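Please open the structure in your viewer and keep the sequence beside it, so that each selection can be followed in both places. The tour goes from one selection to the next.

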Amino acid sequence: MALSSPVLTLVSQSGALKKVTEKSPKSASKLTKTLSKIKPSSKQLKRICESKVVSTESNESLFSCAKALQYKLDRKCFKNTYWPLEKGSADSLINKQDRLYRAVTIGPKQPKWQWPTKPIFFISDPHADADAFEASLLTTDGFIRDASGKLRLTKQGKKSLFIVGGDCLDKGPSNLSLLYKLKEVIDLGADLKLLAGNHDLRLLIGLLSIAGERDTGNEHMFVRMGNKVVPLLKEVFDLYLAHTDWQKGIPDEDECKSRLFPSDAWFSEFPLLAKGLVPEEGIERELKKMRTKTHSFEKNCLKSGLSLPQVYATAMKCQQLFLSQKGEFSWFFQKMQLAYKKGSFLFVHAGVDDTIGQLIAKKGVSHLNKCFKKQLHSNLFNFYYSSVANTFRTKYRKSDKPLTRDGVDIIRKSGIHAIVRGHVNYHQGQQLNVKQGLLHIECDITLDRNSRIKEGLVGIGYGVTMIQPKGRIIGLSTDFSYAKVFQPKRFLKSVKKEQISKQKTDKKTLALFNKSLKMSMCNAIKK
């Protein structure tokens, strides 16, 4: 049976605000007209999408439209609207009411749902697209742009928590622009949590691998960053090294390659080292991936205009920028944490497994974050293939650390009823998903324009996932025409109401059947 409930609702993000119109026709009409005026055309979005650096002027209508999407409707506004979970608006796993019902229902010895005391705005996977990130911030109503075009924190913003769900780097038009924008938000005094994404940690691990002693466990880590890191290296070289005497102290090409690339022996030594720690499927996938990356990395560097000595010089500069205590971007990895818990919600980049669930249940999320920092700066191999790293890498494949129903039971008894994550991108806004009976709120809505071009989406992406103190989860996305609203408490009530109604109907049907049968028997006896 397809799920249809008043708590899984769709509220129009544009003109069809029926309930608002009923409440205040004049103001709603004014909002509708304003929205229709500022909505950018498809041609305008394509022009924006195609430009590498988008000017403030060309983005004005886009940012205005993003701000206008800010959800300000109260509970009455979506009383009679529904979210039928049609194709594209929810994961295919949630195709029956009972699956979601079980994931939301509180079981024996499980704490009740707890909600944050202030609004939480979750933005994940901005992937080097500063414009998409800023548009998403404006959508929260926590930020505005002043007359000079600079971001300003609003009253709403000062009372809210902002969580960036990881993967700030790679894919998009400018890694450095995204980092500058993120630092601007932090400097404004916003209460912001920065989670570790696999693309972010890939850079850190790659830089650490060539900073210390090489061994079988780490010598592949720099090239493992792959072609997606090349644009960042190019940006850093052009901005910081191109007009300097960068060759000074840099070894020749062969030596640079031996320091950056894994040795030929690595491909036979790595399986022996990884056996027991990494599943066989994971080892095979790693070897296949590294063969591809080893052959393509140098070629892609040359294609972007970087020789191997230039790549090595840039890597040294990146170590200075990101790893040095006084480096320009040292704050980025210093501020980063693996997970954050608020109320019944655990915010991570990718997901959880049984080991992490047990660790959280016994020692809490703060201890998990301490383990993350400690392991990251010890043995890179043990860290990257551990359950801690699985938290920013997992896609719940066979090769990933397992999450079982027993593990979920432990996680839920610790007070966590929903995982809020990014990592896996979707095209039609936020999704609901259930993994082994644990609710997952999928929040990677494909923000960066390069991914959007590649995947056939128009314009800059923007959107936000809101967790509200009133017991609502709201998803806004430029690629879905409605605000998605999920309220666990009302959902449970509505399902119980439907069950009671069904029971009454079944009872009535049975009574009619019995009556009909009795009459038939009486008629048969008379004859």
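A helix, as the word is used here, is a DSSP run (H or I) of at least four residues, and helices are numbered from the N terminus. The model on your screen is a predicted one.

Of its 527 residues, 54% count as buried, and the chain exposes about 25,100 Å², of which carbon and sulfur atoms supply 54%. If you consider the contacts between residues with a separation of 6 or more, 76% of them join residues 24 or more positions apart.

Next, select residues 198-209, which make up helix H9, a run of twelve residues that reaches 16 Å from its first C-alpha to its last, close to the 16 Å expected at 1.5 Å a residue. Is this helix largely enclosed or largely exposed? Twelve of the twelve residues of H9 are buried, so helix H9 is largely enclosed by the rest of the structure; among these buried residues are Asn198, His199, Asp200 and Arg202, as well as Leu203 and Ile205.

Then move to residues 488-526, which form helix H23, and pick out phenylalanine 513 within it. Phenylalanine 513 counts as exposed because its relative accessibility is 52%, and the cut-off for exposed is over 50%.

An α-helix has 3.6 residues a turn, so residues three or four places apart point the same way.

Notes. Residues are numbered from 1 along each chain as its sequence is written. This is a predicted model: local features need pLDDT of at least 70, side-chain atom pairs count only at pLDDT 80 or more; totals for chains, interfaces and linings use all residues. Side-chain values use heavy atoms; hydrogens and water are left out. Helices (H or I, at least four residues) and strands (E, at least two) are DSSP runs, numbered from the N terminus. Buried means under 20% relative accessible area, exposed over 50%, partly exposed in between (1.4 Å probe, protein chains only). The expected span of a helix is 1.5 Å times one less than its number of residues. Contact means heavy atoms within 4.5 Å. Accessible areas come from the Shrake-Rupley method with a 1.4 Å probe; for residues, only the protein chains shown count as cover.
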